[in-house]
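Please look at the sequence and the 3D structure below before reading on.

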Amino acid sequence: MRFEEVDALGIVWHGRYASYFEDARVALGARYGIGYLDFYKHEIATPIKMLRVDYLLPLTFGEQMQIEATLHWSDAARLNHSYVIRNSRGEVTTTGCSVQLFLDRERQLMICPPEFVADFLDRWKHSTLGV
């Protein structure tokens, strides 16, 4: 952890976890070819509708961590992610989940996934993308 991420007690400030989760989502999207730039290119916004964080153990200044993100299958027009953060001892310190919706260029809620997401889901369903 960096000094700017911790509070006066040397514990990671609770508000930082949303950005840790976002970093994990970006890495996962880059790995499987469905990231923020893909949505931007197709003029689709993906706002967070729900974010949950469960704090199990504190992370402290100078401590190393590992973040795991998983994209969960959904036929709906949304992205469901879960997260697990582990400290340098491999202990689970934090878990969470998020839901992102799809908005079209007029910022209207989409009922069906955009075509490029539907194509990704089809490849996922019929291959070994491993998400």
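A salt bridge, as the term is used here, is a side-chain nitrogen of Lys or Arg within 4 Å of a carboxyl oxygen of Asp or Glu. The model is predicted, so local features need pLDDT of at least 70 and side-chain atom pairs count only at pLDDT 80 or more, while totals for chains, interfaces and linings use all residues. Residues are numbered from 1 along each chain as its sequence is written, and side-chain values use heavy atoms, with hydrogens and water left out.

**Salt bridges**

A residue is called buried under 20% relative accessible area, exposed over 50%, and partly exposed in between, computed with a 1.4 Å probe on protein chains only.

Helices (H or I, at least four residues) and strands (E, at least two) are DSSP runs, numbered from the N terminus. Salt bridges that share partners also join Glu63, Arg89 and Glu91 into one network.

Because glutamate 43 lies in the loop between α2 (36-41) and β1 (48-55), and arginine 105 in the loop between β4 and α3, the pair ties together parts that are 62 residues apart in sequence.

Two strands are said to pair if DSSP finds at least two bridges between them. Strand β2 (residues 65-72) runs antiparallel to β3, and eight bridges join the two; one of the positions to look for is threonine 70, whose bridge partner in β3 is serine 82. The hairpin that joins β2 to β3 passes through five residues.

On the pairing of β3 with strand β4 (residues 92-101), there are nine bridges, again in the antiparallel sense, and valine 84 stands opposite threonine 95 in β4. Four residues lie between β3 and β4 in their hairpin, and glycine 90 in the turn has a positive phi of about 85 degrees. Seven of the 10 residues of β3 (residues 78-87) are buried, so this strand is largely enclosed by the rest of the structure.

**The largest nonpolar core**

A nonpolar core is a set of buried Ala, Val, Leu, Ile, Met, Phe, Trp, Tyr and Cys residues joined through side-chain atoms within 4.5 Å. The largest one has 25 residues, of which Phe39, Phe102, Val117 and Phe120 touch the most other members. The elements that give two or more residues to this core are α1 (17-32), β2, β3 and α3 (115-125), with the largest share, six residues, coming from α1.

**Cysteines**

How many disulfides does the structure hold? With a disulfide taken as a pair of cysteine sulfur atoms within 2.5 Å, the structure holds zero. Cysteine 97 is buried, at a relative accessible area of 15%, whereas cysteine 112 is exposed, at 51%.
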